[in-house]
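Let's take a walk through this structure one piece at a time. Keep the sequence and the model open side by side while you read.

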Amino acid sequence: MFDPYRDRSGRALAALLLFALATAVATGAAFAADPSDAAPSPVAYDDVVELGLSSETDALMAGDATLPRVQVFYSQLQYVVGYNGVESFASALAADRTERQFGYPIAAYVETFDSSRPGVTDEGLFAAELAGEWTPASEAVYVVGSEARSPAGETVVPFRDRDAAAAFVDDHGGTVIGWETLRSRSFDTDTAAVVRETAPRRWGEADRRIAAAARRSDRPVSVVVGEDAPTIQAAVDAAPADTTVVVPPGTYDETVAITKSVTVSGGGTGGDGGSQSEATRLRGDGNGSVLTVRAPNVSITGLRISGTGTQTRDPEAASRPPEEGEAWDTNIRLGYGHGDAGVKAVAAPGLFIDDVTVDTEASGLLLREESDTVVRRLRVDGTEAWQDGFMGIVGMQSRVTVTDSAFVGGRDGVYLHRADGSIVRNSSFAGNRYGTHLMYTGETLIADNAFRNETFGGITVMTRPAGNAIVGNDVRDSSAGIQASGTRTYVGYNTLAGNDLGFSTSARGSLYEHNVAANNALGARATTVVPSSRVVANDFVGNDVHADAGPGALRVWADDDRGNYWEGAGVSAELGLAAPGERAYRPTAPVDAALAREPAAILASESPAATLLDRLRGTVPGARTGGILDPAPSPEPHAPDRVASATDPDGDPVHGDWRGRSDNATAATDDATAEVVA
């Protein structure tokens, strides 16, 4: 519409100017009334929009433990915001973007515990036998530095009366301070920035796990199939514990059960340039799992497995509703953990899978009952239609470390359920429903993987976990790149290209930085009603729409003077109206959203009507609308090398150098050292 070489451009531009003027007048009339001077009363906490709570916190606090809470009424937010932890509210007030997004706090109430018999659990968590009372934050006193903790770190304990606070200090240590002093303090709490700094250590932990597993698998040979025993099962039965069963190349039509700590070593899978005739094939009869492990410290190497059954789950367990007292996901855990697989491990910690290929009609590797496992060079070829098969790896209550593996077809490449501490890195996923799918799983590392043609999404995290790090991944040509819920999530240095959606900011209290969203239908979507995450130093290039936002408050995507790069936001320089980065950019505003596609739209954005509307937003009570504002857009891409690769249809996967940035918060945003790999 804004082609300056066509006559209709002028008519369209005039229409836009009139629309903006009408909107400004209407907005001014709608919000001309002053807000009420009366402070609102506290509400039931069930009615607030909560921040700072995860499913892991729910579990830890399910006994006697208590988390002091705050509820806040903001001047330009229709929702009452609930903070789980006084320290999280104090930190929010200190952040400049809080007032920009929500306005100023009209009223804030803290939960005080004078008559609640407060104390500390055996685990050091703050506890109270009775519910607290709501007290204006400015009238309360606070105990800091006591022995009381929460799952996120230090806990501030509020009291209405100073004597009650002093009595708590006598029993549990600490200091009593007032509200103004509290506001000036900083707190040692677990945040997304902490998760960012722990991500390289998690990578190192994966190296240690893999090295330890490889050492355990290096055992003396005791039995050779075909020489000392006729079948693999007979060889396993005959082998002493802590020895190796050698399986020469060939095809073995049998199913195997391992109930002792041994290594089963085949001649290879025929991959990586090897001859198929040199492969060691273990072929089941199409019923049940092919290889079942029920012992600790088992190693399986150099096998090509096929002939699994087709049962993907226990249909009876998967369909029954949870009984009274059971978690809602009980049927999922029971159902998903009882299907067929190439390798099924039950109560088998220390399992090592190396150089194994599984052709499966169900799952490739199924882990349950604390079967902590290290997986290296696993390839799972699933069904062409994801509805017909199941998971490449199923980790049910079993931590897994995956590296240098490939998952093609089937339902989900890696599905983890209550598998905290898992690591999935340096692997490829193609043609799955979801590439990596986490449920109730926190403290993970999902790093440097490549995802292609995923039906629903590359990386999906559900059910409010905490502390996940999703870094350096490359997701292309999929429905969605990264959709991660939960809290304290770090999403950084990912490359998201050619997807329907690049990434969503579904996680709360999280950090999204140094991601490249290129050539997507939609670069990013802001989804939380009350924004509590930082979105900064990302590059948005070539997207049909750079970003949109669901209902909620204004989202400010910048840290002070450091914003994101939005292709097209600097076109005003070409028209002599402003230099790139000198004006705020609103990717959700109709005019700014058109800048990348129609340079002449800048004339509308600089019009008196649009300027008036901008001034109204955030200054007139109630005029803050849902949307996204970047007050300091970058004039240049932060990661030009990754942008170039992402916009190349034939480009190889690219992984940002996130491990080389020990202090990402202050590091320069140039990303020229990005590592491009085949």
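Start with helix α5 (residues 162-172), whose buried residues are A164, A165, F168, V169 and H172. Buried here means under 20% relative accessible area, exposed means over 50%, and partly exposed is in between, using a 1.4 Å probe and protein chains only. Helices (H or I, at least four residues) and strands (E, at least two) are DSSP runs, numbered from the N terminus. Before going further, note that this is a predicted model: local features need pLDDT of at least 70, side-chain atom pairs count only at pLDDT 80 or more, and totals for chains, interfaces and linings use all residues. Residues are numbered from 1 along each chain as its sequence is written, and side-chain values use heavy atoms, with hydrogens and water left out.

On the face turned away from the buried side of α5 you'll find the exposed residues D163 and D170. And what covers the buried residues? The cover includes β5 (118-120), β6 (126-128), β8 (141-144), β11 (157-159) and β12 (175-177), where contact means heavy atoms within 4.5 Å.

Both ends of α5 are worth a look. At its start, a side-chain oxygen of D161 comes to within 2.9 Å of the backbone nitrogen of D163. After α5 comes G173, with a positive phi near 80°.

Next, a sheet. Five strands make up an open sheet in the order β1-β3-β2-β4-β7, with mixed pairing; two strands pair if DSSP finds at least two bridges between them. The edges are taken by β1 (49-51) and β7 (133-136), each with a single partner strand, so one side of each has no neighbour in the sheet. On average, neighbouring strands of this sheet are turned by 30° against each other, direction ignored. Axes are lines fitted to C-alpha atoms, for helices over the stretch in contact, and angles run from 0 to 180 degrees between N-to-C directions.

Zoom in on β2 and β4, which run antiparallel and are joined by five bridges.

What else connects R69 and E111? They form a salt bridge, with the closest N and O atoms 3.1 Å apart. R69 sits in strand β2 (residues 69-74) and E111 in strand β4 (residues 105-112), so to speak distant parts of the chain, 42 residues apart. A salt bridge is a side-chain nitrogen of Lys or Arg within 4 Å of a carboxyl oxygen of Asp or Glu. R69 is partly exposed, with a relative accessible area of 25%, whereas E111 is buried at 4%.

How many salt bridges does a search of the whole structure find? The total is 22. One of them pairs R202 with E443 at 3.0 Å, N to O. R202 belongs to helix α7 (residues 192-217) and E443 to the loop between β31 (434-439) and β32 (445-447), 241 residues apart. R202 is buried, with a relative accessible area of 12%, while E443 is partly exposed at 35%. D412 and R433 also form a salt bridge, their closest N and O atoms being 2.9 Å apart. D412 lies in strand β28 (residues 412-417) and R433 in the loop between β30 (428-430) and β31, so the pair ties together parts that are 21 residues apart in sequence. Both D412 and R433 are buried. There is also a network of salt bridges linking R196, E197, E513 and R562.

Finally, turn to strand β40 (residues 501-504), where you'll find S504. S504 is buried, with a relative accessible area of 2%. Its side chain is joined to that of S506 by a polar contact of 2.8 Å. A polar contact is a pair of N or O atoms within 3.5 Å; within protein, one must be able to donate a hydrogen and the other to accept it, and residues adjacent in sequence count only if both atoms are side-chain atoms. Not counting residues up to four places away in sequence, S504 touches I482, Q483, A484, Y512, R525 and T527.

Three bridges join β40 to β43, and the two run parallel, with F503 standing opposite A524 in β43. Strand β43 (residues 522-526) is mostly covered, four of its five residues being buried. β43 also pairs in the parallel sense with strand β46 (residues 545-549), over four bridges, and here R525 stands opposite D548.
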